[in-house]
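Here is a friendly walk through one protein model, written for someone who likes cut-offs spelled out. Please have a look at the sequence and the structure before reading on.

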Amino acid sequence: MQYRPIVLFVVVFLLLCGGIANRSQFAKNETNAPGASAAPSPSPTPRSREEVPQDSDEVVKVETNLTNIFFTAADKNKRFVSNLKAEDIRVLEDGQPQEVFTFQTNIDLPLSIAILIDTSASEERTLPDEKEAARAFLENLMRNKDEAAVVSFTGETTLEQGFTGNVERLRRAIDHIEFIPPSGYIGGGVVVNGTPPISGTNQSIAGSTAIWDAIWATSEELMSSSAENTRRAIILLTDGEDTSSRMKIHEAIERAQKADALIYAIGIGDRYSFNVDEGVLRKITEKTGGRAYFPRHERDLRDAFEQIQKDLREQYLVAYSPSNKARDGSYRKIEIQLVNPALRDQNLKLNYRSGYFAKTSAAEPATRKRTQDH
């Protein structure tokens, strides 16, 4: 009988050890289970932007695995064609056909719009009309979840209003923009020695136009801070005559492409003293998937803004996983072809960005290298 307490103690001890081992094994199995929380769900429930961390795995996977291309289709009268189907088109990347996973019509994503207004001497007479049209554009365009920013530029770029959904703030920012003549300016783009003189650097900046610098800075510093999962666009009001940019036009195009920003250009200037460079504005818009407009009258200017609004709202989306899986930061050329003979006969105009830069695990060093190569 004197051994019974000892025997009971040993039995209880063994039972406790067995329970601890079982719990430990359950925890291990739960961690390695396919449905464990450590592994993201293949079909996660959509969440609002506020609920998704900027550095979450969910956002990274969407951006890495799929290439999204927005495009518009217009007939000869520039009317949106809304009856395209997935089988009507073919998508090529670097000449290779791609398997399309998504084809959607009339995509109406929230918008992130930056309006860039040239305030150099060439816009002196037209600036009031430009400001009025820009105000009307934003008042008609803005909806819930849309955001816009206002930027002015001469030889330097000025952020008048950062991204906001408040139309009144945007209106005030546009109202604040004005042409400030450089020292010694006598009109018609003519500058003589001012009294009192300002520094040579400031004089040069005030009397010049740096379009490519403005686009590059807007894409790099502003569009990159815009909301996730929005349609990004830069609306550029200028005559296209760049006189002082440190950046080259291809660098501005490249940076806008990396920011997934369309560029829409409204080529306008003082028709009495300055010419509009239509060729260069067409180049920068076509390369980014936007369009260029060249209004001759105030009504044409309002029509251009109305057409841009339609383009941004009435779009198709195609998404595909590139057959080239290399994450090397290389440029990939995109082509969307109409394969439906009936639609080809209608001479429809498809508008989309001409390419993109592949993701890379070392994006910043790769970016610097490409710039040096140019």
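## A residue to begin with

Is glutamine 104 buried, partly exposed or exposed? Glutamine 104 is partly exposed, as its relative accessible area is 38%; buried means under 20% relative accessible area, exposed means over 50%, and partly exposed is in between, with a 1.4 Å probe and protein chains only. This glutamine is found in strand S4. Helices (H or I, at least four residues) and strands (E, at least two) are DSSP runs, numbered from the N terminus.

Leaving aside neighbours within four places in sequence, glutamine 104 is in contact with Gln315, Tyr316 and Leu317, where contact means heavy atoms within 4.5 Å. Leucine 84 is 20 residues from glutamine 104 along the chain, and the C-alpha atoms of the two are separated by 9.5 Å.

## What kind of model this is

This is a predicted model, in which local features need pLDDT of at least 70 and side-chain atom pairs count only at pLDDT 80 or more, while totals for chains, interfaces and linings use all residues. Residues are numbered from 1 along each chain as its sequence is written, and side-chain values use heavy atoms, with hydrogens and water left out.

The pLDDT, which is the predictor's confidence in each residue from 0 to 100, averages 77 over the protein chain, and 71% of the residues score at least 70. Over residues 5–64 the pLDDT is below 50, and this stretch has 19 contacts in the model beyond near neighbours in sequence. Residues 194–201 also stay under 50 in pLDDT, with 7 contacts beyond four places in sequence.

## The chain as a whole

The protein chain has 11 helices and 16 strands. Of its 374 residues, 43% are buried. Among contacts in the chain with a separation of 6 or more, 76% come from residues 24 or more positions apart. The chain exposes about 20900 Å², and carbon and sulfur atoms supply 50% of that area, computed by the Shrake-Rupley method with a 1.4 Å probe.

## Aromatic rings

A search of the whole structure finds 6 aromatic pairs. Rings of Phe, Tyr and Trp (its six-membered ring) pair if their centres lie within 6.5 Å; planes under 30 degrees apart count as stacked, over 60 as edge-to-face and the rest as tilted. Phenylalanine 71 and tyrosine 316 are a stacked pair, because their ring centres are 5.0 Å apart and their planes are at 20 degrees. The pair links distant parts of the chain, with phenylalanine 71 in strand S1 (residues 67–74) and tyrosine 316 in strand S13 (residues 316–320), 245 residues apart. Both phenylalanine 71 and tyrosine 316 are buried.

Ring pairs also join Phe71, Phe80, Phe103 and Tyr316 into a cluster. Two of these names return around isoleucine 89: leaving aside neighbours within four places in sequence, its contacts are Phe71, Phe103, Val318, Ile336, Gln337, Leu338 and Val339. Isoleucine 89 is found in strand S2 (residues 89–93) and is buried, with a relative accessible area of 9%.

## A buried glutamine in a loop

Glutamine 98 lies in the loop between strand S3 (96–97) and strand S4 (100–104). It is buried, with a relative accessible area of 9%. Its side chain reaches the backbone oxygen of glutamine 96 at 2.9 Å. Not counting residues up to four places away in sequence, glutamine 98 touches Val91, Leu92, Glu93, Tyr320, Ser321, Pro322 and Ser323.

Helix H7 (residues 249–258) is mostly covered, with 8 of its 10 residues buried. These are Ile249, Glu251, Ala252, Ile253, Glu254, Arg255, Ala256 and Gln257.

Most residues other than glycine have a negative phi. Asparagine 347 has a positive phi of about 55 degrees although it is not a glycine. It lies in the loop between helix H10 (341–345) and strand S15 (349–351), and is exposed, with a relative accessible area of 60%.

Technical notes:
Polar contact = N/O pair within 3.5 Å; in protein donor to acceptor, adjacent residues only side chain to side chain.
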